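Hi,

Here is the structure I promised to pass on. Have a look at it first, and my notes follow below.

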Amino acid sequence: MLFGYHGNYLRIDVTSGRAERVPLPEAVLRQYIGGSGLGARLLLDEGGAVADPLSPEAPLIFVFSPLVGSPLTTSAKFAVVSRSPLTQRFNDSLASSGFAMAGKRCGCDAIVIVGRARSWSVLIVDEGEIRLEPADEVLGAPCHVAEEKLRARLGADYRIASIGPAGERAILYATISHDGRHAGRGGSGAVLGSKNIKAIAVRGTQRCEWAQPQALTELSRDLSKRSFGPATAKYRELGTATNLLTFNRFGALPTRNFQSGTFEEAVTLSPEQLSVEHKRTRASCVACTIGCEHIYALAEPVSSTSEPGQDGTSRKRDRKRGVRLEYESMFALGSLCGVGDGEAVLRASQRCDELGIDTISTGGTIAFAMECVERGLLDEPWLAFGSGEAVLRAIDLIGRREGVGQLLAEGSRRAAQMIGQGSIAFAPQVKGLEIPGYEPRALQTMALGFAVGARGADHNRSGAYEVDFSNKVDRRHATLDSVRHAIDTEDRAALMDSLILCKFLRGVFSDFNAETAEMLRAVTGWDVTADELHDTARRIVATKRQVNLLAGWTPEEDTLPERFLDVPLPNDPAASLTRERLQELVSEYHRQRGW
Ligand code: SF4
């Protein structure tokens with residue numbers, strides 16, 4: 001008997017409306033666990049490494065995990081795996097909450113969607129029974145409106161993941177949203193949209209059994225207790241936004257498209273200041289004892305160019321809902337665009353959530369365009385660093401694919417290819433994915449993590465910045481010693497994303513592999529050990545690479561834009577990362593991986 005799993009995945013062809021249950025052998029589950037790991041395996045098996053990501057043949061995979069539904073804190077998560085339309089490489093994005101639990105209760109460990117519905121539809125998975133219904137009522141609606149309307153129509157026991165207008169218009173960094181959270185990076189929303197599916201609604205009653213319920217209860221109690229401790233205090237107090245002033249102090253806060261690592265208006269943008277000017281409340285994902293979400297109430301609109309959504313979204317409702325703000329959105333829509341107006345950044349973040357677009361890619365692409373304007377490569381004089389109104393207007397244009405928005409909807413790499421004139425040198429991306437809020441020259445172990453990441457520049461798949469902020473390395477002069485640390489954080493992330501546990505829990509573990517092996521033993525009954533999990537992590541990272549190799553990866557992709565290799569960081573000239581040094585690090589990384 002299988003514990004913690006159902007032992008199958010649901011394969012749905014939305015062209016025909018037919019579904020089948022495909023058995024998942026226990027050996028495969030043990031080798032890949034769930035989430036990102038199992039998703040990578042299924043993507044290979046389903047031919048997703050070679051299919052055009054926006055073609056009907058391309059699989060889009062929602063993957064649950066053995067821990068979903070268990071009492072372990074922060075485990076209500078799911079992964080969305082596909083080939084990315086933005087990078088053309090492997091993509092896995094994770095989101096939280098009731099969708100994971102309801103999806104798994106449909107009696108499957110993953111849902112694979114292929115095909116293209118004849119017209120815009122809602123895919124309904126009701127206890128494993130499949131049907132497609134017309135999406136006319138929610139077409140054009142922001143993610144949260146679509147979710148509300150569909151629950152009102154289908155029943156409150158459904159959990160719904162939806163795309164916004166951006167996914168409908170194939171914006172290459174469109175998200176899939178559920179309950180205010182987004183499977184955000186790499187454009188999975190465009191993939192779902194390419195199948196003419198506006199939303200997927202799930203409900204079910206099939207629960208998995210646990211191998212050692214008593215042991216699991218005790219482990220869960222202990223983990224919850226530790227989750228209240230100092231390792232997670234920062235998330236409870238101000239959330240990830242607390243990074244803003246810290247990074248600014250370290251000269252590592254990307255500013256004006258990575259032309260500086262410090263931002264003179266960081267204080268006005270900081271959560272400390274925003275909390276004075278805006279009412280702030282806390283929230284959490286389902287089954288989480290940390291509660292890292294900080295929701296800011298909006299003041300009156302400050303921008304005459306920020307129009308209400310085409311769907312009729314009113315400003316009144318916007319103010320009532322408030323805005324969930326993370327560091328990555330603050331940096332990308334704030335300092336990266338030179339904007340110190342907190343209200344404008346809140347509003348920009350809200351607009352991204354409604355459209356269903358990744359805030360990092362949105363901010364990165366707009367900041368890139370602003371630098372193009374500054375250099376005379378793009379004739380959009382309103383698109384200037386420092387203007388919150390310009391950011392809001394650019395987001396609206398992207399959402400409608402109008403004017404310069406048509407160009408920016410393609411992301412910074414493609415935009416640079418179209419603009420030409422050497423602009424690719426400062427397009428802030430790796431493999432096409434916009435770089436998160438960590439200045440690579442000031443954080444050089446992270447620079448390596450960005451360069452080699454399977455899905456491109458990514459702070460969630462490599463936690464190498466933690467090494468830079470420790471005393472293990474000199475963050476401004478990476479040496480070959482940095483490589484094993486970068487590998488360790490990448491391996492840990494691969495496991496966390498497969499088990500799945502929230503990354504914000506990582507600080508509570510003293511021996512991550514040993515402690516999570518114990519949890520997996522209690523859930524599955526397998527005699528899994530820390531050493532086995534070490535090998536599993538390596539296997540998962542290697543499988544993502546295998547997807548990339550089939551998708552056309554070449555060694556030249558494991559690098560950073562020229563800006564970071566040719567120009568020392570202006571505010572900190574000692575922070576310089578040469579082409580030769582990065583190449584040495586990357587080669588050593590490949591050697592230690594055995595590639
Ligand atoms: S710590 Fe935050 S992101 Fe993680 S599960 Fe809890 S609320 Fe969700």
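Let me start with the ligand: which residues are around the ligand? They are Thr 74, Ser 96, Tyr 235, Ser 284, Cys 285, Cys 288, Ile 290, Gly 291, Cys 292, Glu 293, Cys 502 and Phe 504. A residue is near a molecule here if its C-beta atom, placed from the backbone, lies within 6 Å of it. By class, that shell has seven nonpolar, four polar and one charged residues. For the classes, Ala, Val, Leu, Ile, Met, Phe, Trp, Tyr, Cys and Pro count as nonpolar, Asp, Glu, Lys and Arg as charged, and the others, Gly among them, as polar.

Before you go further: this is a predicted model, where local features need pLDDT of at least 70 and side-chain atom pairs count only at pLDDT 80 or more, while totals for chains, interfaces and linings use all residues. Residues are numbered from 1 along each chain as its sequence is written.

Now the helices. Helices are DSSP runs (H or I, at least four residues), numbered from the N terminus. Helix α22 covers residues 512-524, and its 13 residues should span 18 Å at 1.5 Å a residue; the end C-alpha atoms are 18 Å apart, so that agrees. (The expected span is 1.5 Å times one less than the number of residues.) Its buried residues are Phe 512, Asn 513, Thr 516, Ala 517, Met 519, Leu 520, Ala 522, Val 523 and Thr 524. Buried is 20 or more other C-beta atoms within 10 Å of a residue's own, exposed is 12 or fewer, and partly exposed is in between, with C-beta atoms placed from the backbone. Those buried residues pack against α7 (213-227), α21 (481-499) and α23 (530-551). After α22 comes Gly 525, with a positive phi near 85°.

Helix α14 (residues 342-355) gives a similar check: 14 residues should span 20 Å, and the end C-alpha atoms are 20 Å apart, which agrees. Gly 356 follows α14, and its phi is positive, near 80°.

On to a helix pair. Helix α2 (residues 35-45) packs with α21 at an angle of about 85°, their axes 4 Å apart. Axes are lines fitted to C-alpha atoms, for helices over the stretch in contact, and angles run from 0 to 180 degrees between N-to-C directions. The two are therefore roughly perpendicular (65 to 115 degrees). Gly 35, Ser 36, Gly 37 and Leu 38 of α2 meet Ala 494, Asp 497, Ser 498 and Leu 499 of α21; contact requires C-beta atoms, placed from the backbone, within 7 Å. The residues of this contact divide into three nonpolar, four polar and one charged.

Some backbone details to check. The peptide bond from Leu 499 to Ile 500 is cis, with omega near -15°, and Ile 500 is in the loop between α21 and α22. Ile 33 is not a glycine, yet its phi is positive, near 65°; this residue is in the loop between α1 (26-32) and α2 and counts as buried, with 32 C-beta neighbours inside 10 Å. Arg 256 also has a positive phi, about 45°. Arg 256 is in the loop between α9 (243-249) and α10 (266-269), and counts as partly exposed with 18 C-beta neighbours inside 10 Å.

Cheers

How values were computed. Contact = placed C-beta atoms within 7 Å. Parallel < 35°, antiparallel > 145°, perpendicular 65-115°, else oblique.
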